[in-house]
Amino acid sequence: MTQAGLHIEVTGGLSDWEILQQENGYASTTVFGIISSDEKDDTEQQLFFSPQSMHVRIVNEADGSFVTPLLPVEVQDNAWHVLLKDIPCGGPYYLDVLI
């Protein structure tokens with residue numbers, strides 16, 4: 001995902017077309033990623049991005065319904081992570097990242 005020179009990348013926990021192991025009809029996973037900027041001096045970019053404003057959710061690909069609520073991510077330096085839980089079996093789903 002890119003927004004005005006800001007890049008949000010998933011680096012672990014989920015991959016394209018991955019099938020998650022479920023227990024009692026639900027799955028959970030921790031998703032990891034990094035945040036980077038095109039700017040050589042990212043001071044200006046920091047004015048437009050606050051780690052508290054980054055959230056994720058799981059969305060049903062077929063009808064666009066929200067599978068999980070919007071969850072805040074934990075950000076430290078340029079790395080982020082979030083625990084996604086209570087993901088019902090089914091799908092396909094995609095990860096929606098909002099900043």
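A pocket, on a 1 Å grid over the protein atoms alone, is an open set of points where a 1.4 Å probe fits, with protein on both sides within 12 Å along at least five of seven lines; its lining residues have an atom within 4 Å of a point. This is a predicted model, so local features need pLDDT of at least 70 and side-chain atom pairs count only at pLDDT 80 or more, while totals for chains, interfaces and linings use all residues. Residues are numbered from 1 along each chain as its sequence is written, and side-chain values use heavy atoms, with hydrogens and water left out.

**View 1. A look into the largest pocket.** Which residues lie nearest the centre of the largest pocket? They are Leu 14, Ser 15, Glu 18, Tyr 93 and Tyr 94, out of 22 lining residues. The volume comes to about 670 Å³, meaning the space filled by probe spheres set on the grid points, which are joined across faces, edges and corners.

**View 2. What the pocket lining is made of.** The lining splits into 15 nonpolar, 4 polar and 3 charged residues. Here Ala, Val, Leu, Ile, Met, Phe, Trp, Tyr, Cys and Pro count as nonpolar, Asp, Glu, Lys and Arg as charged, and the others, Gly among them, as polar. (A strand is a DSSP run of E, at least two residues, numbered along with the others from the N terminus.)

**View 3. A sheet of three strands.** The order is S6-S5-S9, in an open sheet with antiparallel pairing. At the edges sit S6 (71-72) and S9 (93-98), each pairing on one side only. Two strands pair if DSSP finds at least two bridges between them. S5 (residues 55-60) has 2 bridges to S6, where His 55 partners Pro 72, and 6 bridges to S9, where Val 59 partners Tyr 94. Since 5 of the 6 residues of S5 are buried (under 20% relative accessible area, with a 1.4 Å probe and protein chains only), S5 is largely enclosed by the rest of the structure.

**View 4. Zooming in on Thr 29.** This residue is found in strand S4 (residues 26-37). Is Thr 29 buried or exposed? Thr 29 counts as buried, at 12% relative accessibility. The Thr 29 side chain reaches the backbone oxygen of Gly 13 at 3.0 Å. Leaving aside neighbours within four places in sequence, Thr 29 is in contact (heavy atoms within 4.5 Å) with Gly 13, Leu 14, Leu 20, Val 82, Leu 83 and Leu 84.

Note on methods:
Helix = DSSP H or I, 4+ residues; strand = E, 2+ residues; numbered from the N terminus. Buried < 20%, exposed > 50% of the residue type's maximum accessible area, 1.4 Å probe, protein only. Polar contact = N/O pair within 3.5 Å; in protein donor to acceptor, adjacent residues only side chain to side chain.
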